[in-house]
Amino acid sequence: MAKTKQYCVAENWGKGFIEHSESSRITFKGLPGNVWQVPAHNKAANLWINKVLGVPKTKDQAQAIVTAIIDAQQDTWDADNVDGESSAEKIERLGSKPTDITLEE
Amino acid sequence: MPDYKVVHGTKVQNFASDPPAPSEGQVWYNTTTNTSKYFFVNLGAWATGNAMNTARATLGGVGTQTAALAFGGRTPPSSDSDLTETYNGTNWTEVNDLNTLRRLPEGAGTQTAALAFGGRGIPPDFPPDVLHDNTETWNGTNWTEVNDLNTGRYYMAGCGASNTAALAFGGHDPGGRSDKTETWNGTNWTEVNNLNKGIDQLAGTGTNTAALAIGGDVNPNDKTLLWNGTNWTEVNDLNTGRKNAGAAGITTSALASGGGGTPSIVANTETWNGTNWTEVGDLNAAISKAAGAGTTAAGLSFGGNNPPDDCTAATEEFTSGPTTSTLGSE
């Protein structure tokens, strides 16, 4: 199956990182680890990656970055306990346990 | 493909400056800047803005895209916050803190005249768990404690044009999901007619006489309720039901963005025209429990949780409406 998404790593510097004219043309998906998903085989997406000096990643490489961050967050969440606290109280205090993210091809 | 003249009945025209009132779809050549330009009505798109100084979720927020106020919330991993920041359309600046630490505060007003009310305090900041009824007014420099809500609660919605006219509705009170609505007249909160049922984790926008209650942690979660100053009435549903969305605007022109919860935090954005919700451009990164401010023409989303469930300092700016763009610039 031809890939429909491409990935890069780029740090969001704020204003001008993604402009209205860019998000009007392509769909961005920001992911943990400064990983960004944009359409593959798309001129506007390629130009944006070039603009932000994005480092291209294969889907597997991007998945590894995202998974490593989520694994660390899950470990931190598991280790943060208060004596006598119920599961519901823990979720109220910390938010839900981070869940896995599976990237698309 | 038909050429431009077939479609528009004229060739692309040259102008020394951009035409003052172009028609939708019109293309022209600007001979001063040597650029080809076109005009269209943008349904809505988000751009990144500069980040807040402190990442946080479940914060309160009011104001406009160029003059916003962020206050309170949860900072990682689980601290209640009293931090306040102002946004000038470019940068966030730390200003004086709230008097009471709180996550999940609601707000009303503007960057220079705001109201913060309700919220939650949990251990270790508040042993035991506290449902805040505190209300504070912001005069552009300092927060001052004023009269409390009748019912302390969190996960509610709030809105209002100033720090002298606000509305608080829904949320989670000691009895569970709350249907209570209260109005603020600048001095006191008064109980008025309830929501149709208890709803928490809902979004709200508007004024104390014309407001919208959007979504929530109920089933179904796509409902919209309209407040006319006296009663709540159910109106047309969101396209994507959700809890913890960000909201901005008024009852005839509103914006709902992001929301949801683990594992389904969403980036969906919808605009409300007074009758129906329409899907427009998504946030660039999915966000839940963010604050919203501004209008459908110029909206703002700041802070919140992004997947998997991490507090963010990110800011996004929403713009819709008539737009002149340069061909070949992207």
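Tutor: Chain B is divided into two parts, domain 1 (4-42 + 322-326) and domain 2 (49-321), with bounds that come from an automatic or database domain assignment. The centres of domain 1 of chain B and domain 2 of chain B, taken over C-alpha atoms, are separated by 40 Å. This is a predicted model, in which local features need pLDDT of at least 70, side-chain atom pairs count only at pLDDT 80 or more, and totals for chains, interfaces and linings use all residues. Residues are numbered from 1 along each chain as its sequence is written, while chains are lettered from A and ligands numbered from 1 in the order in which they are written.

Consider next the interior. A residue is buried if 20 or more other C-beta atoms lie within 10 Å of its own, exposed if 12 or fewer, and partly exposed in between, with C-beta atoms placed from the backbone. Leaving aside neighbours within four places in sequence, Ala70(B) is in contact with Met52(B), Leu59(B), Gly61(B), Thr84(B), Glu85(B), Ala291(B), Phe302(B) and Gly303(B); contact requires the C-beta atoms, placed from the backbone, to lie within 7 Å.

Most residues other than glycine have a negative phi, and most peptide bonds are trans. Pro123(B) and Pro124(B), however, are joined by a cis peptide bond with omega of about 10°, and Pro124(B) is found in the loop between strand S12 (120-121) and strand S13 (130-131) of chain B. Strands (E, at least two residues) and helices (H or I, at least four) are DSSP runs, numbered from the N terminus. A cis bond also joins Asn219(B) and Pro220(B), with omega about 0°; Pro220(B) lies in the loop between strand S23 (211-214) and strand S24 (224-227) of chain B.

Positive phi values occur as well. Tyr155(B), which is not a glycine, has phi near 60° and is found in the loop between strand S15 (143-146) and strand S16 (157-162) of chain B. Tyr155(B) counts as buried because it has 27 C-beta neighbours inside 10 Å. Lys289(B) has a positive phi of about 60° in the loop between strand S29 (277-280) and strand S30 (291-294) of chain B. With 31 other C-beta atoms within 10 Å, Lys289(B) is therefore buried.

Finally, the partner. On chain B, 30 residues are in contact with 30 residues of chain A. Strand S3 (35-49), strand S32 (305-306) and strand S34 (315-326) of chain B each supply at least two residues of the side that touches chain A, and S3(B) gives the most, with 6 residues. That side of chain B divides into 12 nonpolar, 14 polar and 4 charged residues, where Ala, Val, Leu, Ile, Met, Phe, Trp, Tyr, Cys and Pro count as nonpolar, Asp, Glu, Lys and Arg as charged, and the others, Gly among them, as polar. Chain A itself has 4 helices and 4 strands, in the sequence pattern β-α-β-β-α-β-α-α. Of the 105 residues in chain A, 27% are buried.

Methods. Contact = placed C-beta atoms within 7 Å.
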